[in-house]
Every structure is written in C-alpha cells, then in structure tokens.
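Dear colleague,

I am handing over the structure that we spoke about, and below it you will find notes on what was found in it. Please read them with the structure open beside you.

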Amino acid sequence: MYEPTRWHTNTTTSTRHDGVIVERDSVREAPRPNGGRTMQLTLIRSYLPGFRTADAAASATVTVRQILNHSAGWLGDSYLDTGDDAGALARYVAAMDRLPQLTPPGRVFAYNNAALSLAGRLIEVVTRRPYEEEVRQGLLDPLRLTRSGFFLDEIPGARVAQPHVYDRATGGIVVSPESWWIPRSIHPAGALISSARDQIRWARFHLGDGGRVLSGRSIRAMRSRPGPGGTLHVELDGVGVTWMLRPTAEGPTVVQHGGDWAGQHSGFLMVPARGFAITVLTNSDTGTRLLDDLFVGDWALRRFAGVGNIPAPPLKLTDAELAPYVGRYSGQTIDFDGTVYTGEFEFVADGGRLVLMFDGQARDGYAFYRKDYVVDLPLSGGTEEGPRANFVRGPDGTVQWFRLGGRLARRGGPSAATRGGRRAATFNPRSLLS
C-alpha cells in the first residue's frame, strides 16, 4: 500500500501522550501539588481529588509514574464507551470506580489500557484542553507528523487500510469496516491514525538529541528507570514511560511498543545504542504472524542491530515440578457497553511442559526455560520459539497469576471481587490494545 494509507497505531498514541507528561515534568510547566514534587511522583489524587477504583485505599496511593509504567494494579482491559464528545475521558475516569484492584500499586507489571486513558485525562486537566487537541498542538504539528491524527477529517486525503478479521463461521479472513471504530474514551490507549512514514519520523526523533518538543533529557527519561519486569510477548526488564524495555544477550536495550486491535496489529522497536528502528503496520489478524517474526523473534535485531534475545532453552520438567502451575486460570475484559466478559482456561502437564486448554481443546504448549518463565512452542513438538510469558507469585510464594500478552490471569478462577459477567467465547490474547 502506498504512503497515504492509514492504520490505527498504539505505539505512537501512548508514547506520544506520555511524552507530553514527561516534557511538562522536565520544564516544570505543569502545576505541582504537594510542594513542587515532580509530576511523575505525584499522587493521581493531587490532580483528580475524586479519583478512585473499586479499592479506595489503593486508589489513594497511585502515582503518575505507576500509571505510565503499567504497575497501577487495577483491571486494565476496560473499553467502556462513554460517548463521542470532549467529555468522554472525564466520564470514563469517573466510571473507573468499578475496576477491581488485582495487585498493589507499584508491585506488578500488567499492561493497563485504563491507566493510559487516565493519563490522557490528566493531560486534559493540566493543559485545560481536550486530549486530542493537546497531542496535535504539542507533538504532531511541531514534529510535522502531517499523516497522523485522531480523526480522519483532520488528515487531508487520508485513505484507510480497512481491518480484516477472522470469521468464526468460516475460519477465514473477512474485511470488517466496523472494527475500525475505537471509542473516544480509550483514544489515549491506541486510537491514533498514522502512516508508516510518520512512524519512522517518530523513531528518528527518539533516536536523536531532542528539540523544542522533547529535550534529549526527556527522551532518555522515557526509556529509563523501568518499573516491575515481566513479559509482553517478549521478556521485559520493565516499562519506562510506556516504552517496553527489552533486554538482549549482548547488552543494549531494545525499546519497543506495538499495538493490537481487531484487524489492526502493529510493531515498533528501536535500539538506541545501534541507531536502529523498524515499524510494521498490518490490517489483518494474520498480521500477528509477521509481527512475531520481526518483533518477538530476533531475526531483524540480529541482522540490522547485532543484538538478539536472551536465550530461552526449553526445559523438560517432571509432573511434580509442573504441579504448582497446573490448574484453572481466568481473566476479565469490560466491553464497550459495560458487559464484563470472563475468559477461563486450564493448564495441564503433558510431556514435560504445560498445555493450555480452552473449551476442552489444546491451544498452546509452553516449555519452561527458567523458573516461572515459559516460551510458546508448537503443540506438534517443533522447536520454533514463539512469544514468552511468565507466572507471578503471591506474597506467600505460591503461583497466583499467569501473565499472558502482558495481562494477568488469576490462578483458581475469578476472585469474589471480579466474579460475574459473561463467559468469553473465544481465546485470543492478541485481539486487544497492547
């Protein structure tokens, strides 16, 4: 497709709007409650006194930095539609009072779209402008990213790469124009429309020394001081300011952030120490295969940047060693209309590894390569490595969660606080924004 074609991309949405927070923090433009503490260390309630999730005590301790490094701890996959006007983010944040707290703030990484929408609302409060307007005036226009925006009518001559999704009835791929739409309430989580050329401009900016939009110091701050580590298809040292910080066997850090939506999947990574960046935008659910090759595997990294993944040699464990991990797991998503969907799956031990069962069918095989960390291997017994995932232990040392696609699935089924809603009919950890 030629250059004017447009895709939705999460990469630049979250990293651009959090760049606004970093730069305002750096130059001290934002009002500072609490005696001038930097914005990132300030409590959310200093800017939004009425903010709360279902856990009022935890809500009172969450900082700006924690929502940017995905360690806020509440259920993150809430896609509640709160309208198309400029008040959508304010209403969305008010409705976060229903979100259960899964882990204590600052302790555990779990990708959190709700936290990104909250960050977008903070930008509105600080700048006194709609979120989309601030991103346009503060970043897109100064950087001359003319092929990017949140609304098609602000991108002259834009052509859309229509999403293509799996058809459950036929098992094939069909065009799905309706999948293009993303509620305004989650614009900060991944609704920016962009092109491959603008994505590369964004990468070139981050590989440089900064300028009037973001200083070099701010650019480096966005990829430093990671929060808790874990996995999101790849192993992570943690998250800086929304950038995923991925270790390599050779030492240099890979800085990356992809995105997933129905029929729209993208990848973006940089190796600042090597001056290398790559972006791929796809408009089909089959696009994840290409993204796994280029952004989960390390072919491109080895060929163009001279770095590779930390080795993950698959281990064959005994049934006794696998026993602490087997059992039922569940995670939840809140749909556009507020309906809660619960997805449940089970791990069983088979041939020295774990097999993920959904609806009575084997879906994935996982082999451990070190304690609590697994790599997806073909069920057929092949050796081609896929995405990585990991288990998370609770305070008592027992396995409490499985982290898949950056999300947490609770071992033993839903807690009392999250029980209820409808059962998810499909299993696809790559179908949502991430």
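Why does Tyr-369 count as buried? Tyr-369 counts as buried because its relative accessibility is 7%, where buried means under 20% relative accessible area, exposed over 50% and partly exposed in between, with a 1.4 Å probe and protein chains only.

Before going further, please note that this is a predicted model, in which local features need pLDDT of at least 70 and side-chain atom pairs count only at pLDDT 80 or more, while totals for chains, interfaces and linings use all residues. Residues are numbered from 1 along each chain as its sequence is written, and side-chain values use heavy atoms, with hydrogens and water left out. The mean pLDDT (the predictor's confidence in each residue, from 0 to 100) is 90, and 87% of the residues reach 70 or more. Over residues 26-37, however, pLDDT stays under 50.

Aromatic rings

Rings of Phe, Tyr and Trp (its six-membered ring) pair if their centres lie within 6.5 Å, and planes under 30 degrees apart count as stacked, over 60 as edge-to-face and the rest as tilted. The whole structure holds 24 such aromatic pairs. One of them is the tilted pair of Tyr-325 and Phe-368, with 4.5 Å from centre to centre and 50° between the planes. This pair links distant parts of the chain, since Tyr-325 and Phe-368 are 43 residues apart, and both Tyr-325 and Phe-368 are buried. Tyr-369 forms an edge-to-face pair with Tyr-373, at 6.2 Å centre to centre and 65° between the planes, and Tyr-373 is buried too, with a relative accessible area of 13%. Tyr-325 and Phe-368 also belong to one aromatic cluster, whose members include Tyr-329, Phe-345 and Phe-402.

A buried aspartate

Asp-298 lies in the loop between helix 12 (287-296) and helix 13 (299-305), where helices (H or I, at least four residues) and strands (E, at least two) are DSSP runs numbered from the N terminus. Asp-298 counts as buried because its relative accessibility is 17%. Leaving aside residues up to four places away in sequence, Asp-298 touches Asp-293, Val-307, Gly-308 and Asn-309, a contact being heavy atoms within 4.5 Å.

A colleague
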